[in-house]
Amino acid sequence: KNGYIYKKEYAIKYCVGCELEKTDSELVNGRCPIHPLQELEIIQEENYFFKASAFQDKLLAMYDHNPNFVVPDFRLNEIKSLLKNDGLKDFSISRLASKMPWGVPVPNDATQVMYVWFDALVSYISGLGWPDDLKKFEHYWKNGTPVQYCGKDNLRQQSAMWQSMLMAAGLPSSKTIIINGFITGEGGIKMSKSLGNTVDPLEIVTEYGIDAFRYYVARELSPFEDSPFTMEKFKEGYNAHLANGLGNLVSRVMKMASSNLSKPLEISEIKIPDKFFKALDSFNIQAASNIIWEQIAKADSIIQEKEPFKLVKTDKAKAEAIIGDLCQRVYMIGSMLEPILPETSKIIKDLVRENQMPEKPLFMRK
């Protein structure tokens, strides 16, 4: 109705893996750098187009007005550079039904079906009620803080194409787009279903537990850059930081507490470091996780320096005070773990509240 959709005949280079048109500037040796083993297809047909080019200047102005719109900042600079150098092109939003009869039909035109990157993006708001349940839509999208996560190969679709579609419909833009790096397998190649170089997370969870897998994703993988995943790296991180790190600390402290404190500790107000919340607010889960492990290391150093397990024989009152402080620290660590390792967080806090040793190690060494 606003006049931003039209029909024309065209020809493009198309990557089946990305399900996206590729410009010459995006290709390396004539191939998509993300799917270098796949031949590009040449699509030549008459389809409907969206006039995204009309919104290039508005998008650039929005990026300048909101420097945190795309996180991390180097991805924001990347999309700004792409728009300034290559321009935001109009893009096809349909395909011939004769080629893809399984597609979603274009309204009022049985010869066409919807193109995936037009149809799929709309689900961000149709899933929140638009246009039928505007009360729900306004609550979650217009008045909420819609944050979107995507891989770095979706930068253009999420931060430019989708935002221009929202502008064309007179709807509020997303609040923040978080761009992740890839998880790479052996040889530093992006994990991909088509390449078959993936690992089954359910198998890892079955052997190690859900929180062990959550730990690795949260702390060992970069939130914004490419990160390698191998089972060797996983086991190394699990043993060093969960079994020997967090699990060992909780066992040592709770053994001292249950043996030397006559009753459960009265938990005072927990003062979590401000930088922990700042890291979460900036979507840097890895940085937040590192702050937790700084607290684990700090508690370990207190045990090493003050040796309350020895001091209890000569100065019980002082030893109990140190053990009480360690329990407070362990409880704080448990509280910080809640959004990252929720099951482990609950176990730790319950142990401190009840002044009990864990019945078994939190994380068995593998």
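Reply: A polar contact is a pair of N or O atoms within 3.5 Å, and within protein one of them must be able to donate a hydrogen and the other to accept it. The model shown is a predicted one.

Me: Which side chain makes a polar contact of 2.6 Å with the side chain of Asp 90, besides that of Ser 53?

Reply: Asp 90 is found in the loop between α2 (73-86) and β5. A polar contact of 2.6 Å joins its side chain to that of Ser 53. At 2.6 Å, a further polar contact of the Asp 90 side chain is made with the side chain of Tyr 6.

Me: How far away is the nearest side chain of opposite charge to Asp 90?

Reply: A salt bridge requires a side-chain nitrogen of Lys or Arg within 4 Å of a carboxyl oxygen of Asp or Glu. Asp 90 is buried yet has no salt bridge. The nearest side chain of opposite charge is that of Lys 8, at a distance of 5.9 Å.

Me: Which residue of β3 stands opposite Tyr 10?

Reply: Strand β1 (residues 5-15) and strand β3 (residues 41-50) run antiparallel and are joined by 10 bridges. Within this pairing, the residue opposite Tyr 10 is Glu 45.

Me: What is the bridge partner of Tyr 149 in β10?

Reply: Strands β9 and β10 (residues 176-180) run parallel and are joined by 5 bridges. The partner of Tyr 149 in β10 is Ile 178.

Me: Is Pro 146 buried or exposed?

Reply: Pro 146 is found in the loop between α4 (134-142) and β9. Buried means under 20% relative accessible area. Since the relative accessible area of Pro 146 is 9%, this residue is buried.

Me: Which residue of β8 is the bridge partner of Val 106?

Reply: β7 and strand β8 (residues 109-114) pair in the antiparallel sense over 2 bridges. The partner of Val 106 in β8 is Asp 109.

Me: How many residues apart in sequence are the parts tied together by the pair Asp 226 and Lys 152?

Reply: The side chains of Asp 226 and Lys 152 meet in a salt bridge of 3.0 Å, N to O. Asp 226 lies in the loop between α7 (210-220) and β12 (227-228) and Lys 152 in the loop between β9 and α5 (155-168), so the pair ties together parts whose separation in sequence is 74 residues.

Me: Which residues are joined into one network with Lys 346?

Reply: The side chains of Asp 350 and Lys 346 meet in a salt bridge of 2.8 Å, N to O. Both lie in helix α13 (residues 342-354), 4 residues apart, about one turn of the helix. Salt bridges that share partners join Lys 346 into one network with Asp 350 and Arg 353.

Me: About how much accessible area do the residues of the nonpolar patch with Ile 189 have together?

Reply: Ile 189 lies in the loop between β11 (183-184) and α6 (201-208). At 44% relative accessibility, Ile 189 counts as partly exposed. With Leu 37 and Leu 195, Ile 189 forms a nonpolar patch on the surface, and their accessible area together is about 310 Å².

Notes: Residues numbered from 1 in each chain as written. Predicted model: local features only at pLDDT ≥ 70, side-chain atom pairs only at ≥ 80, totals over all residues. Heavy atoms only, no water. Patch = residues over 30% accessible without salt bridge, like charges linked within 9 Å, V, L, I, M, F, W, Y side chains within 5 Å. Areas by Shrake-Rupley, 256 points an atom, 1.4 Å probe, with all protein chains shown as cover. Buried < 20%, exposed > 50% of the residue type's maximum accessible area, 1.4 Å probe, protein only. Pairing = 2+ DSSP bridges. Lys, Arg positive; Asp, Glu negative; His and termini not counted.
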